[in-house]
Amino acid sequence: MKRTIAFTAASLALLTVSASAQDAAKPIVNEGTPAPDCTLHINVDRNGDLPGYKAKWGEKEVCIPFTPTNQLVPAGSSAAEFYIDEFSDARVRAKWAQCKMDAECREKTLTAAKGFAKFEPRDNGTVDKDGMIDFDGEVDLSKIRRPSYFGQAKYSEAIAKVDPNAYLVEFTAPRDSYEREHLKLSGTIKLRGWYLKGTGIADEAGTRKRALIIMNNGGGSELTAIDDPATPPFTIDKDKYTPAKSDNLTEEPGMRHWRGFLSDLNASGFDVLITDRRGNGISGGRNGFNTAEQANDMFRELEQMDSGNGLRILGPDGKLVTGKDASKLLLDGRSAHEVPIVIGGYSRGSYATQWFMHKNFVEDCNYDLASPECKPKRGLANIKGAILYGPNSAALGYRLAGHDAVEGALRVEFNTTYYVDSGVFANVDKWPALQIVKGTWDYVEGLEGSLATYQRAKGLKDISVFLGPHILQTQSPDNMAFAGRRMVAFATAAVLGNKTVPDSADPKTLKDLVTSVPHHWELSMEKTQQ
């Protein structure tokens, strides 16, 4: 394909422009995709119109909105030539090199990139000092909030029920490339979180076997941050809807829904491991954006679960176990390289999940270096699938134009791999199982991209969508329950080696996917759609 994509200051201005269905003269889906047949005004998080497809809910006709594709396949090209060839590691670096030659483009791109190479202040402890720790220091694990903390009457989260089987864990990891090269930091950091023991997954004969799911928070999210239901999910000012922000009651709006997914998975029998990703929450580190390094962290955690080296565990009995005594303790003598494992993540955590799967099944590359280093795939046979919640599953081609140059700058100038490039998207067919769960107007990628990833996958697969945005705080509780059930159904099928996921939609077209949603509107849309 003739390469005609240029980067100027004008193209970078697109970084601040949201997708719109206002201009009817411009196509908003690729050729071959059913044309939208309606539009709907979306409150959170658009305050504007989006395209949609008409559907019948009983006797009522409704318009089901979705996020359109921001970058369509150019005339004379194919989807593979554009979405795969044009958004590889080599191409994002080349696009940044081209952008650097234009002073204004260089300045705007570097400014955008710096937003993903910076320290993120912790939210944990800003409302209640109980649970605040020195994340980069030596930590008394008993000071970390346990699941039972969220059982207080004002929170009443289901996660509190798992407390008798909850362990506080602390793993050891090296500093990442940005910290070493730019902040001149050395030594190690600690990754802290929860390990929730499960009862095992029952097969058709009723025999239970232990299985583990490793979950990764979204961007900047903190596992133990307070989310008080008393904080309104959104506010309205002159017809403009704004989702909830941190206040004197809530440290991170929406986190109770994420912890609800952990509760759902554990209640179904899964062991659940979740640590705050490096650079966030109760984990150490100064950079929370290197998602490929966060994938490496998951391999380190599995190794330390077996060896005990660098691992500290505080059990529900208050006993601290370290080193060799911690070896295989969490899985009661089983190896973390033998029990079936599913990897999952939300938003930025889904990027880490994608990199993990790529490193395990395709090739183990580190792109946060001036000259990328690649090794053969890790090849762990007990990795059974991945859950991507709110992902950019189809890589940079389905994001806004200009994000690829930003990613090139991050890799070259800031030693950080943030976005997933097309090499991951191109090889999703090598994964044993894939699930995508998201709101239909999730801004992170055009919904066409999510469907393209689903269609590219060859193993066990599921794509489940609902009416909502990317963020958690304004989601309908009914839709969050739906998402939790879908995760459980998929993860169970993956570890049992089943060929299908119960009640999967299996859409053939974008319209099929969009209209498969449960009949529950996101909270800011409920009254307007009654």
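**Note on packing and burial**

1. Phe-82, Tyr-83, Phe-87, Tyr-398 and Phe-425 are joined into a cluster by ring pairs. Rings of Phe, Tyr and Trp (its six-membered ring) pair if their centres lie within 6.5 Å; planes under 30 degrees apart count as stacked, over 60 as edge-to-face and the rest as tilted. By this rule there are 26 aromatic pairs.

2. The model is predicted, so that local features need pLDDT of at least 70 and side-chain atom pairs count only at pLDDT 80 or more, whereas totals for chains, interfaces and linings use all residues. Residues are numbered from 1 along each chain as its sequence is written, and side-chain values use heavy atoms, with hydrogens and water left out.

3. The pair of Tyr-149 and Phe-150 is edge-to-face, because the ring centres are 5.1 Å apart and the planes stand at 75°. Both Tyr-149 and Phe-150 are buried (buried means under 20% relative accessible area, exposed over 50%, partly exposed in between, with a 1.4 Å probe and protein chains only). A tilted pair is formed by Tyr-351 and Tyr-419, at 6.2 Å centre to centre and with 55° between the planes. This pair links distant parts of the chain, 68 residues apart: Tyr-351 belongs to helix H8 (residues 348-361), and Tyr-419 to the loop between H9 and helix H10 (422-426). Helices (H or I, at least four residues) and strands (E, at least two) are DSSP runs, numbered from the N terminus. Tyr-351 is buried, with a relative accessible area of 3%, and Tyr-419 counts as buried at 3% relative accessibility.

4. Helix H3 (residues 89-100) and helix H9 (residues 403-413) have axes that come within 7 Å and cross at roughly 90°. H3 and H9 are therefore roughly perpendicular to each other (65 to 115 degrees; under 35 is roughly parallel, over 145 roughly antiparallel and the rest oblique). Among the residues making the contact are Val-92 and Trp-96 of H3 and Ala-405 and Ala-409 of H9; contact means heavy atoms within 4.5 Å. The contact residues of H3 with H9 comprise five nonpolar, one polar and seven charged. Ala, Val, Leu, Ile, Met, Phe, Trp, Tyr, Cys and Pro count as nonpolar, Asp, Glu, Lys and Arg as charged, and the others, Gly among them, as polar.

5. Helix H4 (residues 103-114) also packs with H9, at an angle of about 70° and with the axes 9 Å apart. The contact involves Thr-109, Leu-110, Ala-112 and Ala-113 of H4 with Ala-405, Val-406, Ala-409, Leu-410 and Glu-413 of H9. The residues of this contact divide into seven nonpolar, one polar and one charged.

6. The largest nonpolar core has 97 residues, and Tyr-195, Leu-302, Met-305, Phe-356 and Leu-510 have the most contacts inside it. Such a core is a set of buried Ala, Val, Leu, Ile, Met, Phe, Trp, Tyr and Cys residues joined through side-chain atoms within 4.5 Å. A second, separate core of 50 residues includes Val-139, Ile-144, Leu-223 and Leu-460.

7. Ser-504, in the loop between helix H12 (477-496) and helix H13 (510-514), counts as partly exposed at 26% relative accessibility. Leaving aside neighbours within four places in sequence, Ser-504 is in contact with Lys-461, Asp-462 and Arg-486.

Notes: Axes fitted to C-alpha atoms, helices over the stretch in contact; angles between N-to-C directions.
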